[in-house]
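These are my notebook entries on a structure that I had not opened before.

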Amino acid sequence: MRTTLFLLGLTLAIVSCGRGGQDGYTITGKVKNCGEWADGGQIVLVIRDEGKQIVDTADVINGRFKLEGRIAHPDFVTMYPSMSDPVRPDGRIMFFLENEKYSIVIKDNRISDVTLKGGTSEKLLRETSKRLSELKRKYDIESVDRQMNTTLTPQFRMEKLTAIRNEYDSVVKAYKDSIILANTPSYYSLYMTSQAIAGGENLDSIREVLKVYEQDDRYKDDPRLGRMIEITEGKRRP
């Protein structure tokens, strides 16, 4: 593994080729039907934190690769084949990385369609995305928004569409709130809470959630938590 560190003073601690399991992350990969890239290619993992960036790389040898390290503030990361490889799979993926074990299967020259397993937050993310997609289809929200955004829709129809949209928004909010409460404390719940603040959610209810994180040593130094606390205290704009 080769690790390239960008920007001096980086606060995100990654220990390359370090410990997996609880003390760090381990990403074990398999490559199938990807031609010569499966033996001699390179995979790139990009981690960003507070405007800073780490790029971690691993060689693909005999259809396998492995990335290990430690992420100080678990969050979304990006993975893609090295642009320096003349023959490589298409696409890239984003997933929520924390200090747990992951397995990835890349096949048929497409990274965007990988099979990804592992990670508590990543599993919750997939479950949340699936449920939100189901709700979107149930309320036919794309059609609703399309009709609401044209002057051709008559007033009586607009009133019905508005009622559907309001009900959908209410159901989605209740679902997201339930995810936050059911999984606090966790890095995924912390991420969801930050999204709620950015969306203008009620700060009084969010304060109660943040109190749980303030009392947990795993999160007290997370810069996202500090910013959220400042926002709820009126010291910072959302």
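Entry 1, the proline. I found proline 185 in the loop between H3 and H4. I take helices (H or I, at least four residues) and strands (E, at least two) as DSSP runs, numbered from the N terminus. The peptide bond that leads from threonine 184 into proline 185 is cis, and its omega is near 0°. I noted the background: most peptide bonds are trans, and most residues other than glycine have a negative phi.

I am working from a predicted model, where local features need pLDDT of at least 70, side-chain atom pairs count only at pLDDT 80 or more, and totals for chains, interfaces and linings use all residues. Residues are numbered from 1 along each chain as its sequence is written, and side-chain values use heavy atoms, with hydrogens and water left out.

I looked up asparagine 33, which sits in the loop between strand E2 (25-32) and strand E3 (42-49). Its phi is positive, near 55°, and the residue is not a glycine. Asparagine 33 counts as exposed, at 58% relative accessibility. My cut-offs for relative accessible area are under 20% for buried, over 50% for exposed, and partly exposed in between (1.4 Å probe, protein chains only).

I then went to asparagine 109, in the loop between strand E8 (101-107) and strand E9 (110-118). Asparagine 109 also has a positive phi, of about 60°. With a relative accessible area of 31%, asparagine 109 is partly exposed.

A pocket here is an open set of points on a 1 Å grid over the protein atoms alone, where a 1.4 Å probe fits, with protein on both sides within 12 Å along at least five of seven lines; lining residues have an atom within 4 Å of a point.

Of its 18 lining residues, Val172, Lys176, Met192, Gln195 and Ala196 lie nearest the centre. Helix H1 (120-138), helix H3 (155-182) and helix H4 (187-198) each give two or more residues to this lining.
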